[in-house]
Amino acid sequence: MMKKVFSDEDLVKNLSLYYLNRHLKKKPIERYHRQIDNSQLHDREKYKKKAEILLLNSFLHHFPEIQFENLTCESPDFIANFNNKKIGIELTEVINHLEIKKIESQLNKIFRQAEIILEQENTAEYRGVYFLEFHHLAKIDLLEKQNEMIINIVKSIRQNKSCGHVKKIRKSPHRRNVFITPDFTMGLFDELSSEKIIELIEKKNEKFPYYDRSVEECWLVIVSDMHSLASRYTFIQNKENLHQIKSPFHKIFHLENLCGNLTMIK
């Protein structure tokens, strides 16, 4: 679940993706981020909340009337007004590949170190988004090869050609800083098991009695973060099983945050 699996590097990456997302409803998101910044939350909690709001961006396209009232509450994650009703929104990420999540978190730490080196060296020259593909990524011990990977990445970006563990590199413009992310293609048969979604709903059902009682409805939004190697999927397997789920949540959605596809489960 989001709260446990996000590292600082994952959060930095999510915030950076904010500037890459052409579909972003920039004005409300910027306003929400300012409100979070002005809150009493610890910096790490602020990061979390900002990343969560970014995951909800595609959701706001489906419900443009939603106005957030409380961005910094805990159970549920957000309180909003919709159609003259006070609703709670609980957000959770479904991890499709848990083993890849560990690799991805380690990779994001490596990217962050490489970004810092390049920005300190010459931000103006290296400013951009770099999409990197690697040789045999799953087999590399990222903890053991961390320094080697950082050197390979920095050298590849300086020379604008792949070297060492870096198989391919492509660059897009970025107006602010250096941002590195993995480049990957979708597998045609990369399925997300409906069982994973059902397990997630059942876990959230157990917490439902402890949510804020002042809300009139509580919605559960399950997100597949398509910018993440660990969350991405091509299709949901046995989707029809989702409609048999029993839950006290008033509405349950599955959101894919790249194209913004929304599936209503309840």
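Analyst: The model is predicted. The protein exposes about 13400 Å², and carbon and sulfur atoms supply 48% of that area. Of its 266 residues, 52% count as buried. The secondary structure comes to eight helices and eleven strands. Among contacts between residues at least 6 apart in sequence, 73% join residues at least 24 apart.

Now to helix α7, which covers residues 146-159. At 1.5 Å a residue, its 14 residues should span 20 Å, and the C-alpha atoms at its ends are 20 Å apart, so the two values agree. The helix is followed by N160, whose phi is positive, near 55 degrees.

Which residues of α7 are buried? They are M149, I150, N152, I153, V154, S156 and I157.

L137 sits in the loop between β4 and α7. Its relative accessible area is 18%, and the cut-off for buried is under 20%, so L137 counts as buried. Leaving aside neighbours within four places in sequence, L137 is in contact with I103, L107, L142 and M149. M149 is also one of the buried residues of α7. L107 is 30 residues away from L137 along the chain, and their C-alpha atoms are separated by 9.7 Å.

Elsewhere, six strands form an open sheet in the order β1-β2-β3-β8-β10-β11, with mixed pairing. β1 (67-70) and β11 (262-264) stand at the edges with a single partner strand each, so one side of each has no neighbour in the sheet. Neighbouring strands of this sheet are turned by 30 degrees against each other on average, direction ignored. β1 pairs with β2 (residues 78-82) in the antiparallel sense over three bridges, and N70 has I79 in β2 as its bridge partner. Helix α8 (residues 194-207) packs on the sheet and touches β3, β8 and β10. Helix α4 (residues 43-55) lies across β1, β2, β3, β8 and β10, at about 40 degrees to β2.

Technical notes: Residues numbered from 1 in each chain as written. Predicted model: local features only at pLDDT ≥ 70, side-chain atom pairs only at ≥ 80, totals over all residues. Heavy atoms only, no water. Helix = DSSP H or I, 4+ residues; strand = E, 2+ residues; numbered from the N terminus. Expected span 1.5 Å × (residues − 1). Buried < 20%, exposed > 50% of the residue type's maximum accessible area, 1.4 Å probe, protein only. Contact = heavy atoms within 4.5 Å. Areas by Shrake-Rupley, 256 points an atom, 1.4 Å probe, with all protein chains shown as cover. Pairing = 2+ DSSP bridges. Axes fitted to C-alpha atoms, helices over the stretch in contact; angles between N-to-C directions.
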